[in-house]
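Visitor: Please show me the structure, and let us then go through it by question and answer.

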Amino acid sequence: MEVASDQATSICSYCDRAIPSSNLDLHVAHCSRKLEKCKICGDVVPKKHAEEHFLSTHAPVACSLCSETMEREVLGVHKSENCPQRIVACEYCEFPLPAIDLFKHQEVCGNRTELCHMCSRYIRLRERDAHESRCNGGTNIIAESSRNTSPAERDHHGAPRRQPHEASRKRLLFTIAITGIAVLFGSLIFQKKAEHSQMP
């Protein structure tokens, strides 16, 4: 026996499904009792789970790093790009620290110097990229830097002797360790002040 395929249908206003017109009233009555359409996203959820749906999907949430409240949809972007307490690395020493402290740290860190192995001059870290792009280790740069170098530091050709890379690496590790201690000490002081201010 062949079933008619051209049976008239209507769209249910609760679940947006196409329902045979002959069953629509019964279906709508069932939907209105059991289902609810979310006013924010339009998803149809069982009435008993409507609050759970709102809390898990749409309720404002607090950032676990800075405690700022925001929509759940933007939390991921906030944590990765905007949160002042997100951890970022210093571009000079790669030390990880909160983004809010980065500018102050890089002001100090960028003023440290490192030996250029091309021209044997000490270059500020903040100027290193620009220096490396124009440094060719030519004699005019060596001659200029030799005025700041003692005779004992020069080899038999008169050019400054280059220090091994290991020395600059050790100096960097020492600076990172000192910076870490300073950040830890600062956070302990801040914590003590916060505890003291909360005391009655």
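Guide: His131 counts as buried because its relative accessibility is 6%, where buried means under 20% relative accessible area, exposed over 50% and partly exposed in between, with a 1.4 Å probe and protein chains only. The model is predicted, with local features requiring pLDDT of at least 70 and side-chain atom pairs pLDDT 80 or more, while totals for chains, interfaces and linings use all residues. Residues are numbered from 1 along each chain as its sequence is written, and side-chain values use heavy atoms, without hydrogens and water.

Visitor: Which residues does His131 touch, not counting residues up to four places away in sequence?

Guide: His131 is placed in helix 5 (residues 128-134); helices (H or I, at least four residues) and strands (E, at least two) are DSSP runs, numbered from the N terminus. Contact means heavy atoms within 4.5 Å. With residues up to four places away in sequence left out, the residues touched by His131 are Cys116, Cys119 and Ile123.

Visitor: Within what arc do the buried residues of helix 1 fall, seen down its axis?

Guide: Leu24, His27 and Cys31 are the buried residues in question, in helix 1 (residues 24-34). They line one face of the helix, because seen down the axis of helix 1 its buried residues fall within an arc of 65°, an arc taken over the directions from the helix axis to the C-beta atoms.

Visitor: What does the cover of the buried residues of helix 1 include?

Guide: On the other side of helix 1, Asp25, Leu26 and Arg33 are exposed. The buried residues of helix 1 have cover that includes strand 1 (9-11), strand 2 (18-20) and strand 3 (35-37).

Visitor: Is Ser120 buried or exposed?

Guide: Ser120 lies in the loop between strand 9 (113-115) and strand 10 (122-124). Its phi is near 60°, a positive value in a residue other than glycine. Most residues other than glycine have a negative phi. With a relative accessible area of 10%, Ser120 is buried.

Visitor: Is Glu94 buried or exposed?

Guide: Glu94 is found in the loop between strand 7 (87-89) and strand 8 (96-98). Although not a glycine, Glu94 has a positive phi of about 65°. Because its relative accessibility is 64%, Glu94 counts as exposed.

Visitor: What is the relative accessibility of Leu55?

Guide: The place of Leu55 is in helix 2 (residues 50-57). Leu55 counts as partly exposed because its relative accessibility is 46%.
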